[in-house]
Structures are given as structure tokens and as C-alpha cells.
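Subject: Structure for you to take over

Hello,

I am handing over the structure below. Please open it first and then read the notes that follow it.

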Amino acid sequence: MTVYIEYVFLSNFIFNFLLLYSVVKILKIKYRKLRLFFADLSGTAIAIVIPLFAVGQVLSVLIKLALSLLIVLILARYKSKKQFLAALLLFWGLTFALGGVLFGIYFIFGADFSLQQDLSIVSNSPLPLFVGGILCFVFLTKNLVAYISGKKASSKFIYDAVLMLDGVRYELQGFLDSGNQLADEVSGLPVVIVVSQKIKNLVKEKVAESLVSKNDCIKNAHYITFSTLAGGKQKMFTFAPEGFFVGDRQFDVVLGLAESTAPIKGECDVLLSANMSL
């Protein structure tokens, strides 16, 4: 298979740019465009020069891994060794991911390509296949960045909580919801909204037990009225738990059972009140 040097240079330059740019975006590392350019150029030069030497497959891979340290080091000024190590590991991971995407597309469409001794892919495939592989990688990376960013942002508002009910301790995940301004109409206490179906079913069972056996584990049960975003009025069943803790602190709150779950809060069990001083 005939491979043109211009094609190899351009493809590797694009690959390295996508990989390095993805690293700084995913890890939110501050970088300069000039550093990104030189890191990209260094990686491209390495990819072109190494195949010119008659080295074995294992040695070729080891040389590339070693030189990738230099590429990632050029990329940015890192705050710590831990951040540099994270960037290096992510660079390696994304390199294999991009190679896998291109390999899969070339294989599926029967394109002419070859796997080199250093595990790099060389191909004279039509431009649309090359562009398609790049677009697939960009799409996957963009969604990965959005997912990780969302996780990091939401994790700042997630707390470990404990509910005491009928002498039993239940460990929960609580999300501090700035939109939850509800307060109990009777006691004035903040309302913690239960969105976990498992916990809601548990409370309903305890309510049924208390009606039959006169068990007083569900105290001060009543309904409160609140306004919805649509401007309507809804009622919510509330009660006072035996105890409610966030971290090591106990809070006097009222628990309310939401009519529907809130999938945008992930796997959280309760929506903590914005009026709780956490």
C-alpha cells in the first residue's frame, strides 16, 4: 500500500490536536495555544520519524510511550505531579480510543489500511471515512466532557444523609436543591422532599402500620399546599421523622413525599432544603 508523507503528516497533526485539546478540556487545565501547537507538532514528528527506523514492535511502542511524556509535558504548566499524571493517562486512553474508532470504521467499510509495528494505523482511505472517524471521536469526547463536568458540578451539592424511622437507620444521598424553598405551614420547619421510590414506599408501609397497630412512628402527618412552577396548587404529604442527619449534624425538618421522582438529580434519595445551613 502506497502512503503519502503529506497524508501521514496531516492525519497525525489532526489526531494529536484532538487528543491534546481533549485532555486540557476534560481536565480543565489552563494552557496556551503556542504550547498546544508545539506539543502537537512534536507528536506529529515522532509519529513520522519512528517508523523510519528498523526497531521491533515492543521497542517502538515503548519509545512512543516514553516520548508521550515529553508531549504532555510541553502541553501545559501543571499545578502538581498528580495533574500531570492524570493528563498523561488520559492522553494514552484517548489515543487508544481514537485508534479504535478509526479501526472500526475502516474495517466496517472495507477501507485499505494497515496496522504498523508501533500499533499505529496507516490508511489511504477516502476522505469521508477519515472525516467520519474524526466526527465520531469528537462526538464521543464532547459527551464525555459534558458528563464529567456535570458530575463534578453536581457532586458539590450532594451530601450523605441519614433518616431514622421506627428505630431503623436509613442511609440516603441528599441533593442540596436551591429551588426547594418549601417550609411546613404548621411548624415552619424546612421541608426535605423524598424522591426515592424505595423510601416513599417504606413511608407508605409505615403509615399503614401505624393506622392498624397504633404505632406512632409517623408523627405529625399532614398535607401542605405549595405552588408549582406552572402556577397551580398541589398538596404534599408530610411528616416529622424520628431523626434526620446530614453528615454529623442533626436537623429539625419535615419530610414530604414528592408525587414524581426527579431523574435530573441522578441517584439522590432526597432534595435537601435550601433553608438548611449546610
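The accessible surface of the protein comes to about 16500 Å², and carbon and sulfur atoms hold 64% of that area. Please keep in mind that this is a predicted model. The protein has 278 residues, and 39% of them count as buried. Its secondary structure consists of six helices and eleven strands. Of the contacts between residues at least 6 apart in sequence, 66% join residues at least 24 apart.

The cores

The largest nonpolar core is made of 26 residues. Those with the most contacts inside it are Leu20, Val23, Val72, Leu75, Tyr78, Phe91 and Leu94. Two or more residues come from each of helix H1 (5-26), helix H2 (33-49), helix H3 (57-75), helix H4 (81-108) and helix H5 (127-155). H4 gives the largest share of this core, with eight residues. Tyr78 is in contact with Ile29, Val72, Leu73, Gln83, Phe84 and Ala87, if its neighbours within four places in sequence are left aside. Another core, of 23 residues, lies apart from the largest one and includes Leu172, Val192, Leu202 and Leu272.

Helix H2

H2 has 17 residues, which at 1.5 Å a residue should span 24 Å. The C-alpha atoms at its ends are 24 Å apart, so the model agrees with that expectation. The buried residues of this helix are Leu36, Ala39, Asp40, Gly43, Thr44, Ile46, Ala47 and Ile48.

Asp40 is in H2, and it counts as buried because its relative accessibility is 2%, with the cut-off for buried set at under 20%. Which residues is Asp40 in contact with, leaving aside its neighbours within four places in sequence? They are Asn12, Phe13, Asn16, Phe17 and Leu20.

Aromatic pairs

The count of aromatic pairs comes to seven. One of them joins Tyr21 and Tyr31 in an edge-to-face arrangement, 6.4 Å centre to centre and with 90° between the planes. Tyr21 lies in helix H1 and Tyr31 in the loop between H1 and H2, so this pair ties together parts that are ten residues apart in sequence. Tyr21 is partly exposed, at 32% relative accessibility, and Tyr31 is partly exposed as well, with a relative accessible area of 29%.

Phe37 and Phe38 also form an edge-to-face pair, with 5.6 Å centre to centre and 70° between the planes. Phe37 counts as partly exposed at 39% relative accessibility, and Phe38 counts as partly exposed at 42%. Together with Phe13, Phe37 and Phe38 form one aromatic cluster.

The sheet

Nine strands form an open sheet with mixed pairing, in the order E6-E7-E10-E5-E11-E4-E3-E8-E9. Its edge strands are E6 (219-227) and E9 (249-250), each of which pairs on one side only. What joins E6 to strand E7 (residues 233-240)? Seven bridges do, and the two strands run antiparallel.

Regards

Notes
Residues are numbered from 1 along each chain as its sequence is written. This is a predicted model: local features need pLDDT of at least 70, side-chain atom pairs count only at pLDDT 80 or more; totals for chains, interfaces and linings use all residues. Side-chain values use heavy atoms; hydrogens and water are left out. A nonpolar core is a set of buried Ala, Val, Leu, Ile, Met, Phe, Trp, Tyr and Cys residues joined through side-chain atoms within 4.5 Å. Buried means under 20% relative accessible area, exposed over 50%, partly exposed in between (1.4 Å probe, protein chains only). Helices (H or I, at least four residues) and strands (E, at least two) are DSSP runs, numbered from the N terminus. Contact means heavy atoms within 4.5 Å. The expected span of a helix is 1.5 Å times one less than its number of residues. Rings of Phe, Tyr and Trp (its six-membered ring) pair if their centres lie within 6.5 Å; planes under 30 degrees apart count as stacked, over 60 as edge-to-face and the rest as tilted. Accessible areas come from the Shrake-Rupley method with a 1.4 Å probe; for residues, only the protein chains shown count as cover. Two strands pair if DSSP finds at least two bridges between them.
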